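Please look over the fold first, then a handful of individual residues. The report below takes them in that order.

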Amino acid sequence: MKFQDTPSLKERLELMSKLSKTFLSRSAKIDEEGAFPFQNISELKMSGYTSLTLPKRYGGEEISLYDLIRFQEYIARGDGATALSIGWHMGIIQDLGEKNSWDESIFQMLCEDVKNGALINNCASEPQTGSPTRGGKPTTTAVKHEGYWLINGRKTFTTLSPVLDYFNVTAFIPESDLVAYFLIPRSTQGVEIEETWDSIAMKGTGSHDLVLNNVRIKDEFLVEYVEPGKKGASGWLLHIPACYLGIAQAAASYAIEFAKSYSPNSIKGTISDFPNVQQKIGEIELELMRARHFLYSVAKQWDYSTKDERAQMNPELGAVKLSVTNSAITVVDIAMRIVGARSLSEKNPLQRYYRDVRAGLHNPPMDDMTILLLAKNAINSYKD
Ligand SMILES: Cc1cc2nc3c(=O)[nH]c(=O)nc-3n(C[C@H](O)[C@H](O)[C@H](O)COP(=O)(O)OP(=O)(O)OC[C@H]3O[C@@H](n4cnc5c(N)ncnc54)[C@H](O)[C@@H]3O)c2cc1C
């Protein structure tokens with residue numbers, strides 16, 4: 001069965017739940033080997049998932065943000081790295097379809113390719129800029145040469161790099177002093193992946209360096225101008241907290257199962273009968289409940305808002321990301337306290353969740369920027 005075979009969210013979630021269970025069975029090996037989850041991505045493609053956010057005008061399903069992040073959370077329960085990786089692709093396509101900011105013929109070409117399984121990601125981070133959300137100008141350059149763009153530079157954190165068909169790359173144009181996104185097909189000469197990804201978290205994301213050596217692309221592949229650090233409200237970025245919530249849910253499920261079955265010989269029954277353990281399980285449930293309500297209510301708000309209302313949602317979107325990601329870290333921490341020293345064994349999934357969940361702190365928007373935004377917003381609104 002494919003996602004496109006049913007419009008029912010319930011049935012689609014059941015299908016994703018099955019895929020996610022298979023991903024969970026592969027997760028430890030992918031992490032141990034620092035491998036890329038080729039099979040997971042291929043199964044997501046075959047299930048039709050990777051084209052679900054395509055706009056209806058190009059024959060897509062145009063699923064809502066709410067549905068998208070429900071699916072993303074399910075994927076992350078099985079494998080966080082797979083969820084974060086495919087989440088960029090899914091969200092970018094959704095965002096482009098909503099914003100309509102690209103030349104229609106280029107976007108249509110991309111959509112046709114996505115229908116056939118093509119994948120895209122934004123490549124904005126560089127060693128010199130740090131997080132692009134802070135406004136650093138790319139050192140990657142684009143220079144006009146004989147009617148083409150010549151692009152040179154290096155991008156870090158290129159998630160999904162082993163299987164990307166399109167790199168959507170930011171570059172500085174010295175001639176005009178502007179920064180723009182350039183759509184670069186993988187097959188273009190001068191495109192190279194350097195396998196630099198050695199992170200201890202989200203090992204399976206394949207977030208290697210993208211090296212661009214005199215990459216020559218057509219004029220029209222300059223797809224969009226951007227102002228560094230001035231990104232508009234981006235609902236699709238909620239795939240990030242959804243990913244970390246999924247990892248936290250997986251940790252909680254593991255710890256509760258453990259508590260219900262662990263029976264040291266100092267007690268009758270299992271440790272789940274004891275108030276010290278129940279206290280921790282209750283705290284986990286509270287964190288998860290709070291995170292889930294916040295995440296999904298803001299996603300629904302996005303779905304039901306007009307374009308103008310969405311443009312005002314940056315504070316909520318940032319607050320959700322900060323709150324859910326930090327709750328996820330807390331949940332994994334408490335889960336490990338329930339399981340005890342066994343949680344530190346290499347064979348135990350909790351040590352993987354512990355590493356993976358911390359990556360959320362370094363995905364956009366960063367916590368300090370969100371807190372500042374909330375402060376400025378509050379100060380401005382109390383002025384009236
Ligand atoms: C798993 C994972 C996947 C990723 N995938 C992608 C991807 O697909 N595409 C992509 O483009 N990027 C991706 N990223 C990169 C991510 O978006 C950030 O660019 C990257 O994590 C660097 O962020 P940073 O906060 O560590 O770096 P920095 O911005 O260098 O920050 C490091 C420290 O310096 C401080 N700092 C730096 N500049 C300032 C400033 N101007 N003002 C105040 N403090 C400052 C920060 O507070 C922080 O403490 C990914 C990252 C991770 C972890």
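What follows covers the whole chain and then selected sites.

## Basis

This is a predicted model, in which local features need pLDDT of at least 70, side-chain atom pairs count only at pLDDT 80 or more, and totals for chains, interfaces and linings use all residues. Residues are numbered from 1 along each chain as its sequence is written, and side-chain values use heavy atoms, with hydrogens and water left out.

## Overall fold

The protein has 11 helices and 8 strands. These are DSSP runs numbered from the N terminus (helices: H or I, at least four residues; strands: E, at least two). The C-alpha trace spans about 80 × 55 × 45 Å along its principal axes.

Of the 384 residues, 54% are buried. Buried means under 20% relative accessible area, exposed over 50%, and partly exposed in between (1.4 Å probe, protein chains only). Contact means heavy atoms within 4.5 Å. Among contacts between residues at least 6 apart in sequence, 73% join residues at least 24 apart.

## Around T159

T159 sits in the loop between strand 3 (148–158) and strand 4 (166–173). Its relative accessibility is 7%, so T159 counts as buried. Setting aside residues up to four places away in sequence, T159 touches S85, W88, N121, L164, T205, G206 and S207. With S207 there is also a side-chain to side-chain polar contact at 2.7 Å. A polar contact is a pair of N or O atoms within 3.5 Å; within protein, one must be able to donate a hydrogen and the other to accept it, and residues adjacent in sequence count only if both atoms are side-chain atoms.

## S20 in helix 1

S20 belongs to helix 1 (residues 9–33). S20 is buried, at 7% relative accessible area. Beyond its neighbours within four places in sequence, S20 contacts Y74, I75, R77 and G78.

## Backbone notes

F157 and M202 are both non-glycine residues with positive phi: about 55 degrees for F157 and about 50 degrees for M202. F157 lies in strand 3 and is exposed at 53%. M202 lies in the loop between strand 6 (191–194) and strand 7 (208–218) and is buried at 2%.

A cis peptide bond joins P364 and P365, with omega about -10 degrees. P365 is in the loop between helix 10 (349–358) and helix 11 (367–383).
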